[in-house]
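Here is a short tour of the structure shown below. Take a moment to look it over before reading on.

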Amino acid sequence: MSKVPIEITCIGYKNEKTIENALYFLNNLQDSFNYSIISHEKFENYSKKTYITSEVFQLFNEILPKLKGFHPYVIGVIMNQLNGKEFTNLFGSMEEINNQITGKAITTLYEIKSIFKKIPIEIYLIFEFLSFSIRFICQSPLIHDEIYNCIFDRKISKEEIVRDIKLGKICDTCFKIVSNKLDNDQLYALRQIINEISFITNSKEPESFFLKQLNFIKNKTEKARSKVNQHENEGSKYIDLDQIHLILQEFSTLNTKIDRNYISIQLDIFCQKPSELSKYLKRIIKSNWTNADKDNWAKVIMDILENWKVLDDPRWQKVCKAIIDIAGELFIGDKVADFVSEGIIRLINYVKSQF
Ligand SMILES: [Zn+2]
């Protein structure tokens, strides 16, 4: 799976710690988009009291073609007010030529501190970067005037953005467009990040909670790196990038997913494709999680299934069938059976007893 490259550039100033933090968070909690910073003197020196969208895009079109490499999606971050053709004091804007999204966008940090108050600015940046990424892929601005309490509602008053992040919802119309254009991993990335920032925004102390999460991610990545170094010291002369990626991925994503919310979202997405669901279940079962982690994970799945059963939710049967499908395979041959923990056996027995 190749990652979609999304580049961020500071306009009117040099660098910004909050942007670095936001990118670190995004890059380590999903695998579909790769966020990085690009800089250019002309971007940094373009300082204005008020920015006009068309003028900023003109600057993009002047500078980007001169840069080496491939820059399909670029988001500029400014500090002052942003005005468009129709609306003024915007959060952001995407360039469109003849109703075509060009892959260039701008967002501003203007007034964000006073709107977000105790919620870290990084949450806003994460939200904006993700939202633009999704819209780049969908080739659609997505924003609608109807109020559905959807993250893509047009915000009439700027304060509404906090409510939408807290709710973390996508309306049916947007979901239809998004799920037609995004692949499963990209959809998962979207849900994962929206869920995460909504969770932080709803917490009692979002600032310290965000920092804790960030440190947690950083520690895990460090551990993964030292695991890679350890492999190198153990005599293997060469470790390919895929292997490093796999180890990093394991630390940065798998371990955070023994969480009811994440698991529920995963099951939900894969219900559309039961074969993918079987793959996901197998991947966790065969992972090198400890038995305690696997037991815990199986227990959460059982809880979710029990809940769906009570609500007579059709997803209940789909997931049960997927589990039964893989159960047969898991007990054939000792090798696979080695990966099965007591909790997983309990889960399989529970599922079997339901039919
Ligand atoms: Zn919507």
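## Confidence along the chain

Strand β4 (residues 74–78) has the highest mean pLDDT among the elements of the protein chain, at 98, while helix α10 (residues 241–252) has the lowest, at 47. Over residues 235–241 the pLDDT is below 50, and this stretch makes five contacts in the model beyond near neighbours in sequence.

Please keep in mind that this is a predicted model. The average pLDDT of the protein chain is 84, and 87% of the residues score at least 70.

## Overall make-up

The protein chain contains 16 helices and seven strands. It has 355 residues, of which 30% count as buried.

## A helix pair to look at

Now let us turn to helix α13 (residues 291–310) and helix α16 (residues 342–353), which pack with their axes 7 Å apart and at an angle of about 20°. Because angles under 35 degrees count as roughly parallel, α13 is roughly parallel to α16.

On the α13 side, the contact is made by Lys 294, Asp 295, Ala 298, Lys 299, Ile 301 and Met 302. Helix α16 contributes Glu 342, Gly 343, Ile 344, Arg 346, Leu 347 and Tyr 350. Sorted by class, the contact of α13 with α16 has six nonpolar, five charged and one polar residue.

Notes
Residues are numbered from 1 along each chain as its sequence is written. This is a predicted model: local features need pLDDT of at least 70, side-chain atom pairs count only at pLDDT 80 or more; totals for chains, interfaces and linings use all residues. Axes are lines fitted to C-alpha atoms, for helices over the stretch in contact, and angles run from 0 to 180 degrees between N-to-C directions. Helices (H or I, at least four residues) and strands (E, at least two) are DSSP runs, numbered from the N terminus. Angles under 35 degrees count as roughly parallel, over 145 as roughly antiparallel, 65 to 115 as roughly perpendicular and the rest as oblique. Two residues are in contact if their C-beta atoms, placed from the backbone, lie within 7 Å. Ala, Val, Leu, Ile, Met, Phe, Trp, Tyr, Cys and Pro count as nonpolar, Asp, Glu, Lys and Arg as charged, and the others, Gly among them, as polar. A residue is buried if 20 or more other C-beta atoms lie within 10 Å of its own, exposed if 12 or fewer, and partly exposed in between; C-beta atoms are placed from the backbone. pLDDT is the predictor's confidence in each residue, from 0 to 100.
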